[in-house]
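I opened a new entry to record what I looked up in this model. The notes follow the order in which I went through it.

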Amino acid sequence: SSGINAEYGKCCAKLTKQTTFAERPSPNFNSHWTTYSHPEYPGLLVLKHAFTAQGLQTLVRRVLLEYPAGLGSTEQKQRVRSNLSCLGEEYPDGRSYWSGCDKAGVELVEKLRWISTGYHYDWSKREYRAGFKSPFPGDLSDLARSLAHSLQLPAWFAPDSALVNFYHPGDTLSFHQDELEWELRAPLLSVSVGLRAVLCVGGCDRETVPVSLLLDHGDVVVLSGESRTAYHAVPRVFSAFDVKICQHTPEQTNSTTEQHSPEQTNRTIEQQSPKQAAVEQQTSHPNKYCSRWIDDFVAGLSSEYLETIDSSLSSEKFRKMIAEYLPRTRINISIRQVENHE
């Protein structure tokens, strides 16, 4: 922890802080937020407090509840893909994803590693293909375009692909580049939700010394310009009970983020057994900042809404599943443009 905080302190000394004003008034975004840049990594931007609480809750409902809700259905498979569908996983009794989780227990919940929509990346051939896509959600497009316009990024930016990654404490992501999109002049925007993580960002070659940053709940990172194809990695995702890391307030902490493939995720750092996790939860107290948003999110899930997601689960059981899942999960939503429209 001391080493991470020291690296964080070195990075903060070089960051340039400025206020960015929202170009388009929206209940999803604050009227202004803080944007950080680094002189040694041009095009790398970190946004703090861009989302309103309502905006983040809406986004989490979409990617955590609505996207996975019917992963097993033919209709939903036409809109999204996941690592489970690629592996041929079926859900118990052919039920929805969350019903399947209820039947199978925590194992199925933690098997979900990624969901994609819009252009789908072919992990076996390591490429995007024309026609291998589904309709891209309009709300994700509006979100990304609004942020990009406020940051004075290219006005022609037309996001058409998103990858949602689900991480847990101990997961890691090795150094890699996002360089297979056909339009690399367009920025890549990532929104991080949930557990804190360390992100390392380097340059467009492996010789550049990477900078290490802490990524917080609600942070947005932009890779654009010279940093669009920068090497980046996530060496650590923290537990919500790691008080030494979670003791920073949002104003005291900086961040950044990434994309992940199923082949690159490893569970090798501080892996805990269920028994160890139970002991830790009995002897530790989660940081208020790390857990406050979860309480608000779960409380805002009406019975009527949950029934539209999965009517086979009681609202009480559904809320309990979400309340138990979120404290051990980091969700990353990475939005990009694949197609070149010229």
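**Helix pair α2 and α7**

I am working from a predicted model. I began with helix α2 (residues 53-69) and helix α7 (residues 138-150), whose axes come within 11 Å and cross at roughly 150°. Angles over 145 degrees count as roughly antiparallel. The pair α2 and α7 is therefore roughly antiparallel. I noted the crossing of α2 past α7 as left-handed.

Which residues make this contact? From α2 I listed Leu59, Arg62 and Tyr67, and these meet Asp139, Leu140 and Leu143 of α7. Sorted by class, the contact of α2 with α7 has 4 nonpolar and 2 charged residues, with no polar ones.

**Salt bridges**

I turned to charged pairs next. Side chains of opposite charge can pair when their charged atoms come close. The count came to 12 salt bridges. I looked up three of them, as follows.

One of them joins the side chains of aspartate 219 and lysine 48, at 3.1 Å from N to O. Aspartate 219 sits in the loop between β11 (211-215) and β12 (220-223), while lysine 48 belongs to strand β3 (residues 44-48), so this pair ties together parts that are 171 residues apart in sequence. Are these two partners buried or exposed? Both aspartate 219 and lysine 48 are buried.

I then checked arginine 129, which forms a salt bridge with aspartate 122; their closest N and O atoms are 2.3 Å apart. Arginine 129 has a relative accessible area of 27% and is partly exposed. Aspartate 122, with a relative accessible area of 10%, is buried.

Arginine 228 is in the loop between β12 and β13 (232-237), and glutamate 181 is in the loop between β8 (171-176) and β9 (188-194); the pair links distant parts of the chain, 47 residues apart. For burial I noted a relative accessible area of 1% for arginine 228, which is buried. Glutamate 181 also counts as buried, at 5% relative accessibility.

Which residues are joined by salt bridges that share partners? I found Lys48, Arg196, Asp216 and Asp219 in one network.

**Chain totals**

I recorded 12 helices and 15 strands for the protein chain. The chain has 342 residues, and 55% of them count as buried. I also looked at contacts with a separation of 6 or more: residues 24 or more positions apart account for 77% of these in the protein chain.

**Positive phi**

Last, I checked the backbone. Most residues other than glycine have a negative phi.

Histidine 49 has a positive phi of about 65° without being a glycine. I placed histidine 49 in the loop between β3 and α2. With 35% relative accessibility, histidine 49 counts as partly exposed.

Glutamine 152, also not a glycine, has a positive phi of about 60°. I found glutamine 152 in the loop between α7 and β7 (161-167). Glutamine 152 is exposed, and its relative accessible area is 74%.

Terms used. Residues are numbered from 1 along each chain as its sequence is written. This is a predicted model: local features need pLDDT of at least 70, side-chain atom pairs count only at pLDDT 80 or more; totals for chains, interfaces and linings use all residues. Side-chain values use heavy atoms; hydrogens and water are left out. Axes are lines fitted to C-alpha atoms, for helices over the stretch in contact, and angles run from 0 to 180 degrees between N-to-C directions. Helices (H or I, at least four residues) and strands (E, at least two) are DSSP runs, numbered from the N terminus. Angles under 35 degrees count as roughly parallel, over 145 as roughly antiparallel, 65 to 115 as roughly perpendicular and the rest as oblique. A crossing is left-handed if the near helix is turned anticlockwise from the far one by less than a right angle, and right-handed if clockwise. Contact means heavy atoms within 4.5 Å. Ala, Val, Leu, Ile, Met, Phe, Trp, Tyr, Cys and Pro count as nonpolar, Asp, Glu, Lys and Arg as charged, and the others, Gly among them, as polar. A salt bridge is a side-chain nitrogen of Lys or Arg within 4 Å of a carboxyl oxygen of Asp or Glu. Buried means under 20% relative accessible area, exposed over 50%, partly exposed in between (1.4 Å probe, protein chains only).
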